[in-house]
Each structure stands twice: as structure tokens, then as C-alpha cells.
Amino acid sequence: TINIKPNAKKIFKYLSTSYRYLDMDEETFFDKIYHIPKASYTIIDSDFTMKSKKYWELKNFNTYVKSDNEIIDEFRELLIDSVRLRLRSDVPVGCFLSGGMDSTSITSIAYKILNNPIKTFSGITGEEKGVYDESEYIDEVINDVNADSKYIKADPTNIFDTIDEMLDYHDEPVCTVSWYGLYLIVKNMKDEGVPVVLNGHGGDELLSGYWYHYQYNFFDLKNENSLDYEISSWHKNHNRNL
């Protein structure tokens, strides 16, 4: 048996810093219980000794000499191949579809590879078009790939009916309330008999989709004539300061 105690240090970090820094280390909310390090796997021997080995590491971009076009072509090939590999399943496969670039790309690639309609699951949270409801963009993709689509509408008034059950599966606090909508979608997928899902999670991290990623781009442009233009355009598009 394990004497489970709360990890006060982790709890303090969670409460005092942005939720985006929740998984910056291997510590969990439980004392002396740790995550497996990122991009690593862990081997447990017969005597219960554990060793973690790193299987991937980000390349040093200072030595990456390919042109932009070469990088784009390579990324496209890797993305298509990744979707192809994950479609090899002996059970039904579906796609999360938010209408954004990430899930739209994956859904479209899956359709072209399968040459058949794929089942999609989309969460919507409101009625006001373009603010909380992105069904306009979702419908465009559904019509384009002839998807077998399912909409799941999250009702905020019901969140307290399911929050305890949802947190039981996570074993720790979640970072945003958006997990509630995701939980409802996954639960619906199970009811529909679709146990495997492809989704666009990780796309923002990979392709600099969050607003603070622009700061790194601005730093790279600090000696370029385009810096002022990029900053003003960013401010106009997002209506916020850095």
C-alpha cells in the first residue's frame, strides 16, 4: 500500500502560476509520485527498480539548414504518414472536428486515405455564431468530406452533475473548463461505439498557435524591417497588447 499525501509544492505552483505551467516537471499533486519524463519510456525490472530512457529530443534549430519550402514539404509528408499509421485499426475510428485548422487537416487527410466518410464528433457551447458556436466552419468540412457527423452541445448548467466523475478519471485538477466539453464528447463517442479517435491536440504547440508564441517570432525579427509591421498587425488582429 502507498500512503498518499498531497504535494504542497505542486499545489502552490498550480494556484500561484498560470495553468499552462502545470506540466513543466515530473511532479504530480501526490507526494513522491511522479510522471514519466516527457519523450521518455520507463522500464520496471523484476525487483521493481525503474529506469527512464529518452527516445526523442528536439533538434537544435541552429544546425537545421533546410529551406522553408523543404521544411513545409517534410512536415506535410510527416503529417499524412502519421494519420495513415493511426488509421490502421480493427475497430471504428473517428475524428474530433472543431472547425479549426488542426482537426480540419486531420479529418480531411483521413478521408482521402480511407476514401470513405469518417465519423466526426464536434462540441459546441452556445448559439452566437462566430463566438461560442463554430458550427459554420464545422459544416463546411462535413460537407467537403461527406462526414458522418455528430454534434454535442455542452450545457454549463450541468457541469456540476459530472465534474466529480470527470475528475476521477484525471486523478488531478484539470487546467481549463474546456475539459468539460471534451469529456462530454469522449463519453458520447463511447456510446456511439467509436473507441479510437484522431484529434488536433498538440497542433498549437507544434505550429506556434498560442498568442505568446508570437513573442519568440518578434524576438527573431528584432533586427528586421518587418518587425513594426508584424507587431501592429498582431495587435490589430488580436486586439490585445503583448
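Tyrosine 41 lies in strand β1, which covers residues 40–44, where helices (H or I, at least four residues) and strands (E, at least two) are DSSP runs numbered from the N terminus. The model is a predicted one, in which local features need pLDDT of at least 70 and side-chain atom pairs count only at pLDDT 80 or more, whereas totals for chains, interfaces and linings use all residues. Residues are numbered from 1 along each chain as its sequence is written, and side-chain values use heavy atoms, with hydrogens and water left out.

With a relative accessibility of 39%, tyrosine 41 counts as partly exposed, a class that falls between buried (under 20% relative accessible area) and exposed (over 50%), as calculated with a 1.4 Å probe and protein chains only. Together with Ile43, Tyr55, Trp56 and Leu58, Tyr41 forms a nonpolar patch on the surface, and these residues have about 580 Å² of accessible area together. Accessible areas come from the Shrake-Rupley method with a 1.4 Å probe, and for residues only the protein chains shown count as cover. Patches are made of residues with over 30% relative accessible area and no salt bridge, like charges being joined within 9 Å and nonpolar side chains (Val, Leu, Ile, Met, Phe, Trp, Tyr) within 5 Å.

For the protein chain as a whole, the secondary structure comes to nine helices and six strands, and the C-alpha trace spans about 55 × 50 × 40 Å along its principal axes. Of the 242 residues in the chain, 25% are buried. Among contacts (heavy atoms within 4.5 Å) between residues at least 6 apart in sequence, 53% join residues at least 24 apart.

Charges were also examined. The protein chain has 26 positive and 40 negative side chains, and the centres of the two sets lie 5 Å apart; here Lys and Arg count as positive and Asp and Glu as negative, while His and the chain ends are not counted. The place of a charge is taken as NZ of Lys, CZ of Arg, CG of Asp or CD of Glu. Glu136, Asp139, Glu140 and Asp144 form a negative surface patch. Within this group, glutamate 136 belongs to helix α4, residues 135–145, and counts as partly exposed because its relative accessibility is 44%.

A salt bridge is defined as a side-chain nitrogen of Lys or Arg within 4 Å of a carboxyl oxygen of Asp or Glu, and by this rule the count comes to ten salt bridges. One of them joins arginine 84 to aspartate 81, with the closest N and O atoms 3.3 Å apart. Both residues lie in helix α2 (residues 68–86), three residues apart, which is about one turn of the helix. Arginine 84 is partly exposed, with a relative accessible area of 40%, and aspartate 81 is likewise partly exposed, with a value of 34%.

Lysine 119 takes part in a salt bridge with aspartate 148, at 3.1 Å from N to O. This pair links distant parts of the chain, since lysine 119 is in strand β4 and aspartate 148 is in strand β5 (residues 148–153), 29 residues apart. The side chains of lysine 119 and glutamate 192 also meet in a salt bridge, at 3.7 Å from N to O. Here too the pair links distant parts of the chain, with glutamate 192 in the loop between α6 (178–191) and β6 (196–198), 73 residues apart from lysine 119 in strand β4. Lysine 119 counts as buried because its relative accessibility is 18%, whereas aspartate 148, at 42%, counts as partly exposed, and glutamate 192, at 35%, counts as partly exposed. A network of salt bridges links Lys119, Asp148, Lys150 and Glu192.

Two backbone angles complete the description. Alanine 39 has a positive phi of about 55° although it is not a glycine, and its place is in the loop between α1 (8–16) and β1. Alanine 39 is partly exposed, with a relative accessible area of 22%. Asparagine 115, also a residue other than glycine, has a positive phi near 60°, and its place is in the loop between α3 (101–114) and β4 (119–124). At 62% relative accessibility, asparagine 115 counts as exposed.
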